Amino acid sequence: MAILFFGTDPNSGGGNCPAVWVDTDTAQGPELVLQGKTVDAATRSACGQDSPPADDETVIRIPARMVSQIRKACDAAEAAGTHL
């Protein structure tokens, strides 16, 4: 597994959740890996109106202040995909 770390929420206070990585070694091609707070039941239900999570999926929250880290991870995943 080739996991590339891109950062945590600078306001997390403990250098942990939420966080973003890219896994460049999957059969389907590069994938983003996100760690975040699990949403409450009301949010999960509201999101489920558009895209019901499968049994092995969940809905998480990522603060907007992490957009630049996520953007870098997306760029890296896209670039890795062209090298597979």
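Reply: Asn11 lies in the loop that runs between strand 1 and strand 2. The model under discussion is a predicted one. Asn11 counts as exposed because its relative accessible area is 53%, and the threshold for that class is over 50%. Its C-alpha atom is separated by 15 Å from that of Ile70, a residue 59 positions away along the chain.

Strand 1 and strand 2, the latter formed by residues 19-23, run antiparallel and are joined over five bridges. Within this pairing, Gly7 has Val20 of strand 2 as its bridge partner. In general, the strands of a sheet pair through backbone hydrogen bonds, in either a parallel or an antiparallel manner.

Both strands belong to an open sheet of three strands, ordered 1-2-3 and paired in the antiparallel sense. Strand 1 (3-8) and strand 3 (31-35) form its edges, each pairing on one side only. On average, neighbouring strands of this sheet are turned by 20° against each other, direction ignored. Helix 2, residues 67-81, packs on the sheet and touches strand 1, strand 2 and strand 3. The direction of helix 2 makes about 165° with that of strand 1.

As for the whole chain, it contains two helices and five strands, which follow the pattern β-β-β-β-α-β-α along the sequence. Of its 84 residues, 29% are buried. The C-alpha trace spans about 40 × 30 × 20 Å along its principal axes.

Note on methods:
Residues are numbered from 1 along each chain as its sequence is written. This is a predicted model: local features need pLDDT of at least 70, side-chain atom pairs count only at pLDDT 80 or more; totals for chains, interfaces and linings use all residues. Side-chain values use heavy atoms; hydrogens and water are left out. Two strands pair if DSSP finds at least two bridges between them. Helices (H or I, at least four residues) and strands (E, at least two) are DSSP runs, numbered from the N terminus. Axes are lines fitted to C-alpha atoms, for helices over the stretch in contact, and angles run from 0 to 180 degrees between N-to-C directions. Contact means heavy atoms within 4.5 Å. Buried means under 20% relative accessible area, exposed over 50%, partly exposed in between (1.4 Å probe, protein chains only).
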